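I opened a notebook on this structure to look up a few things. The entries follow in the order I made them.

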Amino acid sequence: MPLIDQMRRRAARHLDVEAVEIAPARGTFSLSFDDFPASAWTEAGPILAEYDVKATYYVCGGLCGGRNMDRDQYRVEHLQALHAAGHEVGCHTFGHTSALRMSREALRLSLDANAAWVAERLDGHRMTTFAWPFGDCSVGAKRYVRGRFDLARGVRDGVNAGREDRALIKSIGLESRRLPHYDLAALMTEAAERRGWLTAYGHDVSDQPTDYGCTPDDLDRVLRLAKAAGLDVLPVGEAWTRIRA
C-alpha cells in the first residue's frame, strides 16, 4: 500500500472519532461475510443453520453473478434465500471500491446505487450497517458513512469493549492463513469476561479457500468456541441494537 494511503488509513483510526460505549448485557460474537462469494452461503449456510445462528452478509450489488478472486460470487437467489432465513444484509459499496479511491460524491453514488439495487431485490430492505472494502477508510469517508449507517465495521483486530469508534468497529479475519495466529479461545473468553463484542469477517468457505477464505472446519470451530464461551451469537445489526439499548 502506498505510504500516503497508509497515512490516511492511520489518520482515520485516530481522528474524528465518535466514541460509543460497548457494554452488552452479555459477551457477544458477530460473524460477517464480505462481498460475498457464493460459498459463503452454499457452504456456510448449512453450518450456520446447524448452530442456529444468523450472520451478516455485506453485499456489493456490482459483484452479483460475477467472479472475484477467481471464485463465483453470489447470485440473486442466494441473497434472497439468506434474507428470508433471517440473516442480515449490509452494505459494502456497489462496486467493492476502496474509500481511498473515491471522492465524497463518488462514495455517495456508490452507496445510493447499492441501496437501490438491494431494495429492488429484497422488497425494499434498507441496510443499516456498513463494512469498509479492504478495511480502507479516510477521515472524510468515515464522517460521511457515519451519517448514513448505524455503524461501520473495519478490519482491525481486537475485542470491542468500553469506548469504541462507531465508524470503525474492530473485527478479526476469518481466514485460514490468519486463524492459526489468533488465540481464538482467549478472544472468546475475553469477550465474555469483559462483556465485550467480538466480530469476525470472512469471504469464501471451502476445503481449498482463497487467502481470504476459510474451511468449513474453521467456521465450525469458531462457532463452537463462541457457544462454549457462552457468547450471544448475533448478526452485526442486531448486536448493535442490543448494545445501544
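Predicted model: local features only at pLDDT ≥ 70, side-chain atom pairs only at ≥ 80, totals over all residues.

Entry 1, a helix pair. Residues are numbered from 1 along each chain as its sequence is written, and side-chain values use heavy atoms, with hydrogens and water left out.

Helix α3 covers residues 44–51 and helix α8 residues 216–228; their axes are 10 Å apart and the packing angle is about 20°. I take helices and strands as DSSP runs numbered from the N terminus (helices H or I, at least four residues; strands E, at least two). Axes are lines fitted to C-alpha atoms, for helices over the stretch in contact, and angles run from 0 to 180 degrees between N-to-C directions. The angle makes α3 roughly parallel to α8 (under 35 degrees; over 145 is roughly antiparallel, 65 to 115 roughly perpendicular, the rest oblique).

I then listed the contact (heavy atoms within 4.5 Å). From α3 it takes A44, I47, L48 and Y51, and from α8 P216, L219, D220, L223, R224 and K227. By class, I get seven nonpolar, no polar and three charged residues in the contact of α3 with α8. Nonpolar means Ala, Val, Leu, Ile, Met, Phe, Trp, Tyr, Cys and Pro, charged means Asp, Glu, Lys and Arg, and the others, Gly among them, are polar.

Helix α5 (residues 104–121) packs on helix α6 (residues 139–148) at an angle of about 35°, the axes being 10 Å apart. The crossing of α5 and α6 is right-handed. R104, L107, R108, L111 and D112 of α5 meet G140, A141, Y144, V145 and R148 of α6. I sort the residues of this contact of α5 with α6 into five nonpolar, one polar and four charged.

How many salt bridges does a search of the whole structure find? It finds 18 (a side-chain nitrogen of Lys or Arg within 4 Å of a carboxyl oxygen of Asp or Glu).

I looked up K170 and E164, whose salt bridge has its closest N and O atoms 3.4 Å apart. K170 is buried at 15% relative accessible area, and E164 is buried at 7% (buried is under 20%, exposed over 50%, partly exposed in between; 1.4 Å probe, protein chains only). R177 bridges to E175 at 3.3 Å between the closest N and O atoms. Here R177 is partly exposed at 43%, whereas E175 is buried at 2%. R194 and E190 meet at 2.8 Å, N to O; R194 is partly exposed at 47%, and E190 is partly exposed at 27%. Bridges with shared partners also join E105, R108, D112 and R148 into one network.

Most residues other than glycine have a negative phi, and most peptide bonds are trans. I noted a cis peptide bond between D35 and F36, with omega about 5°. F36 is in the loop between β2 (28–35) and α2 (39–42). T93 has a positive phi, near 70°, and is buried at 1%. T93 lies in the loop between β6 (88–91) and α5. H96 is found in the loop between β6 and α5, with a positive phi of about 60°. H96 is buried, at 15% relative accessibility.

Notes
Left-handed = near helix turned anticlockwise from the far one by under 90°.
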